[in-house]
Amino acid sequence: MRLYAPAPTEHAVEQLLSDPAFRAAVVADRLVPARQAALAPFPAWLDPRLVAGLRAQGIEALYSHQAEAMEALRAGLDVTVVTATASGKSLCYDLPVLQDVAQDPAVRALYIFPTKALSQDQAAGLHELARAAGIDLAAAVYDGDTPAPVRSSIRAAGQVVLTNPDMLHAAILPHHTKWFQLFEQLRYIVIDEAHTYRGVFGSHVANVIRRLLRLCAHYGSAPRIVTCSATIGRPDALVERLTGRPSRVIERDGSPAGPRRILVIDPPLLDERLGLRRGTFGFVEQAALTFMRAGRQTLVFGRSRTSVELLLSRLREALREGHGPSERIRGYRGGYLPTERRAIEAGLRDGSLLGVVSTNALELGVDIGRLDAAVLAGYPGSIAATWQQFGRAGRRGEASVAILVATGGAVDRFVARHPDYLFSASPEEARLDPDNLHVLLAHLRAATFELPFAPGERFGDQPADELLAFLAEEGHVRQAGDGRWYWASENFPASEIPLRTSATENVVIIDQGPLGRGARPAVIGEVDLFSAPTLVHQGAIYLHEARQYHVERLDWEERKAYVRPVDVDHFTQAEAAITLKPLETFATAPGPGGERAHGEVMVSSLATIYKKLRLETLENLGWGRIHLPEIESHTTAYWLAVDPAAVAGWRRDALDAALVGAGRAMRTVACVLLMSDPRDLGLVSQVRSPHFERPVIYLYDGVPGGVGLSNRLFARHAELVAGARALVDDCPCSGGCPACIGPRVEAGGEAKAGTGRLLALFAAGS
Amino acid sequence: MTTELARPSPTLGPMEPTAASTLAARLTRLRALDTRLRPASELPRPAARAPAGPLVAAARRTRLAEALGGKLLDTPAGSIVVVERDVPLPFDPLPLRALPFPIDADRPLIMLDTETTGLGSGAGTLAFLVGLASWSGDRLHVRQLWLADQPEEPALLDALAASLPPDGWLVTYNGRAFDWPLLITRYRLQRRSPPPLAGHLDLLPVARQLWRHRLPDARLASVEAGVAGVRRGTDLPGALVPERFLRFLRDGDPRPLVPVGEHNRQDVISLGLLLVVLAEVLARPEGRSRAAAGDLVGLGRAFERAGQAAEALACHEAALERAAPLDRRDGRAVARPGGRLPTLDPALERARLLRRMGRRSEALEAWRAIAAEGGRRAIGAWIAVAKELEHGAHDPAAALEAVRQAEQLLARRRALGLFFREAERDLPYRRARLLRRLASAPASAPPAAPASASVASG
């Protein structure tokens, strides 16, 4: 049998499934049927030059969603386009913008992309279309890489300005007077890849957009907003939170797609008690090699930079052994040079590359066309991201295949055991909370700097006066005799707000170099203030870029951790005593087994001890105390107060274990439901809450102030409990494992059963 | 314990149940939390009471006017405080025409300097004081426009626009990068067009070219002291200005602003004085005899950059006459205390300029003259002579002689432990090439390796 024989994708899949070991690990095998193109003629009002330009690019008609978007925009509506990867979303906004610019060169548009690379891509596509249509267009990327001499001409004459939220926030809005030509004539705001604006980042971006719209109103423009997003649940809600305005949602995808086969692989359990299973990478490799040997273009998604590099070297090695095309496979991730990335994208488009191993950098709308196969090494963290990555496989009219290989993590285990979540459940919502008090106040400062506030003026849904009065106490803002609120400070507030992290205070990590070498100290990273006591306490082993550092000293007052590189066989794990106190209840609702609520809480965390654990075996090598002050933070939480009568007669330790187990299972499911990282969601359970005098499980938002997560858990309580129950009941383990109720739950084998009984109480009747 | 849902279905946001009272409660808790987390130095200031109503605003203006010795100017857009002073300063602007700087001496010249609430250029930085100065006969008339409160800014912008004639020529210090763009921002913020101007001379780059070499830095205070002999008494450091005005906004006490006004007035007067120095000393040949040699070299360079080679040459020659013999011997400039820049060497400048003007024989003579004086710069001069003789006069024998002169000087310096790297590298190649030329017919061989050059050395 020839190792390298071109074969259709379907054959390669069958060959893969002919291996019994592979076949046995398949937990889901679905076929997404082919989708026919739904076409619409070019609108009669479309500028003939654009029609000619599109024809020159081989486009004879629009997809239905493109036509729908254009008509809605023409009718003056905001539009949200939610269609598959590579379905021609850019045309939905490029065409209306070019149409308007062709008729009136004074028209301006602002495109916002989450990354610099995407701005570059989109600028290239827009220029190509304008050239094909013979329309003069001044479109330019304005980001940190834009040379100073070019900047002033973009400000004055750029008809389409492509930028990112960070640049908008720190460079454009505070200097809006230099952009008055843009703001006065702004007709379109395009927010692409909107699903990436979630959590803290999304909450910041929503406030940046508030500031943007406020300035547009000042300059007398009323732009339409076009938002594009990958498939997510409640796109209308996301866009309304993000822009503060209703938007016409267009979800019917008019682009054609060939049939796509989707496999979910659950690596089999090797040791039930320890939860050890066959490696994820083995399956990923096997699948990717089969496709590449058949000459099918394959994209492999890793979850981290390290796993990308590891998979890449293993795949190359395997191909080299068989004298295969090991040079036709490349890596792709952040940290590669832009030119390198452009070359890889081009290689995928023209077929010279056979495979690429990538982080989620390729999940966003980078133009690489569509490929034959996508292999995901691990659940990417959300259903939306999963479908984005699946969506990279799927050529027009040809069959394709997408494979998800689960890892041993709790969320992966949940998805592997309940693949229906991927296929039938509506994709998660992207949650963000523009009214997070910390975020809101920070942007209100920036907004006052940009333009004074009139009394009663709204910022978001409500008048800003009360918040401005609070800022006035700091002295940066003052109310003058005319009642308006003015910026009255030397500070430049935008520079104090980083959009991509929550805490404004960080502890910087300073590498002093190897002992006795006299190396110059260098900052290698930072951690937020709330994580610092458990990550960089004195004596901790801190991991950075796969290197170990020993923390010699943590200067708490100066917010500096001094570390040195070491090479040791262990790592450290710190424990913190977390106490949680409800401050205010926003809403409560009764239910079976107890009542649920959400509200504001104060979380105090006191780092207590750390353990030294051997890398391979997790054997405990010793421990030490941590002496650091307690940290308090206000955030929002969702909680479940158990009806004492329902658990009357339970042994205290059994109840404790059941509360912990149920909390962990609920947290796992919450991460799936709300597209969040388990680290963003804190868990506290109390057998007898001092506040409620009954057993309580709290799930709290890890971000100070919260990003709206507790509120959503409150609303989706039934799904949360049902999911947690299914997770525990369907887990094949006997007494509880890391995949269901988490590690080390005491109370022997009863913990899992107790957890099941407790969850059943909450689910009763629903 | 069980309560009703605050709102029927909280589908969209946690702010929904957060009614106004709840927000107040959250702010109160945030306040308490912040106090615990922050060091005492960052504690919130006591709540600044907003002055209520127009009466208080009027009182604030009146107090400011009294403290500054100014008067109120009421406009439809609001009221500002105007402070006016005259100083005697005779000035004939016409000689400025001769200078290579962007200024039209036939137009009204307006000196301008702003005081602001910060150094940033964003929309939140306010110009609360605009100082203007213009000539009226032999007197310089200083007019300062003061803002007593933020809402009155439109009145200040009105008054400024009225004070800037459309054919006026602005004179500032760093105004191209700072003051004028900031004022444009203020007009744009009010959605107005900035007042038109005929032109704008920023004296900062001029001062860098002409005077920086003999001053510790290029700040206006240093330049006015070194060039126009201005002695400020107790001048307010510029860095303290924003805080003084911000404090006035909060407490209404105008007294700390008095030094700010004096500082600003001196700034615009100094701009006038610098124009006087330019016109009387540097613009006219008879004035140049009073100028420092380095200033004239800087002016020569400015002329050269403006394409006025003959004027440039005249400056360098005037500088040469003015240069002290001590200065002339050592081409490395006279390092003066205070970390000043090296003075440009007029003789070298002149020789280079002559070469650039194509006056090769004069350039050769100039280089010879420099070489004849000896010293470190003689080595470079002999090399320049060698180049000129080799490529200009096509006299390799004479060029080789010049190379030998340079080598002797170099050897003497080396013996003293002094090195001149460029020359050490250059000379062996040059000598080898010249020897080849002399040995063969006019050669076109590439330069030989240094090893082969040693054959002929001695």
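This is a predicted model: local features need pLDDT of at least 70, side-chain atom pairs count only at pLDDT 80 or more; totals for chains, interfaces and linings use all residues.
## A covered helix in chain A

Let's start with helix H8 of chain A, which spans residues 165-172 and is mostly covered, with seven of its eight residues buried. The buried positions of H8(A) are A:Pro165, A:Asp166, A:Met167, A:Leu168, A:His169, A:Ala170 and A:Ile172.

What do these buried residues pack against? Their partners in chain A are strand E5 (108-112), strand E7 (160-163) and helix H10 (199-218). Two of those partners, E5 and E7, turn up again in the sheet described next.

## The parallel sheet of chain A

Seven strands of chain A make an open sheet with parallel pairing, in the order E6-E7-E5-E8-E9-E4-E10. Which strands stand at the edges? They are strand E6 (139-141) and strand E10 (248-250); each has a single partner strand, so one side of each is left without a neighbour in the sheet. From one strand to the next, the twist averages 15°.

For a closer look at one pairing, take E5(A) and strand E8 (residues 186-191) of chain A, which run in the parallel sense and are joined over five bridges. Here A:Leu110 has A:Ile189 in E8(A) as its bridge partner. As a reminder when you look at the strands, side chains in a regular strand alternate between the two faces of the sheet.

Helix H5 (residues 89-103) of chain A lies across several of these strands: strand E4 (79-82), E5, E7, E8 and strand E9 (224-229). Relative to E8(A), helix H5 runs at about 170°.

## Other spots along chain A

Two single residues are worth a visit. A:Arg305 is found in helix H13 of chain A, which covers residues 305-321. Is A:Arg305 buried or partly exposed? A:Arg305 is partly exposed, because 16 other C-beta atoms lie within 10 Å, and a residue needs 20 or more to be buried. Its C-alpha atom is separated by 32 Å from that of A:Gly661, a residue 356 positions away along the chain.

A:Gln389 lies in helix H15 (residues 383-390) of chain A. A:Gln389 counts as buried because it has 24 C-beta neighbours inside 10 Å. From A:Gln389 to A:Asp482 the sequence separation is 93 residues, and the C-alpha to C-alpha distance is 55 Å.

Further along is helix H19 (residues 465-474) of chain A, with A:Leu467, A:Leu468, A:Phe470, A:Leu471 and A:Ala472 as its buried residues. An α-helix has 3.6 residues a turn, so residues three or four places apart point the same way. Just after H19(A) comes A:Gly475, which takes a positive phi of about 95°.

## Chain B in outline

Chain B has 18 helices and seven strands. Buried residues account for 40% of its 458 residues. Among contacts in chain B with a separation of 6 or more, 62% join residues 24 or more positions apart.

Two of the strands form a hairpin: E1(B) and E2(B), with two residues between them. Strand E1 covers residues 71-75 and strand E2 residues 78-88, and the two pair in the antiparallel sense over five bridges. In this pairing, B:Thr75 stands opposite B:Gly78 in E2(B).

## Two helix pairs in chain B

On the H10(B) side, the contact includes B:Leu296, B:Val297, B:Leu299 and B:Phe303, while H11(B) contributes residues including B:Ala312, B:Cys315, B:Ala319 and B:Arg322. The residues of this contact divide into ten nonpolar, two polar and three charged.

The other pair is helix H13 (residues 346-356) and helix H14 (residues 360-372) of chain B, packed at an angle of about 160° with axes 8 Å apart. That angle makes H13(B) roughly antiparallel to H14(B). The crossing of H13(B) past H14(B) is left-handed. Among the residues that meet are B:Leu348, B:Ala351 and B:Leu354 in H13(B), and B:Ala363, B:Trp367 and B:Ile370 in H14(B). The contact of H13(B) with H14(B) comprises eight nonpolar, no polar and four charged residues.

Technical notes:
Residues are numbered from 1 along each chain as its sequence is written. Chains are lettered from A and ligands numbered from 1 in the order in which they are written. Two strands pair if DSSP finds at least two bridges between them. Helices (H or I, at least four residues) and strands (E, at least two) are DSSP runs, numbered from the N terminus. A residue is buried if 20 or more other C-beta atoms lie within 10 Å of its own, exposed if 12 or fewer, and partly exposed in between; C-beta atoms are placed from the backbone. Two residues are in contact if their C-beta atoms, placed from the backbone, lie within 7 Å. Axes are lines fitted to C-alpha atoms, for helices over the stretch in contact, and angles run from 0 to 180 degrees between N-to-C directions. Angles under 35 degrees count as roughly parallel, over 145 as roughly antiparallel, 65 to 115 as roughly perpendicular and the rest as oblique. A crossing is left-handed if the near helix is turned anticlockwise from the far one by less than a right angle, and right-handed if clockwise. Ala, Val, Leu, Ile, Met, Phe, Trp, Tyr, Cys and Pro count as nonpolar, Asp, Glu, Lys and Arg as charged, and the others, Gly among them, as polar.
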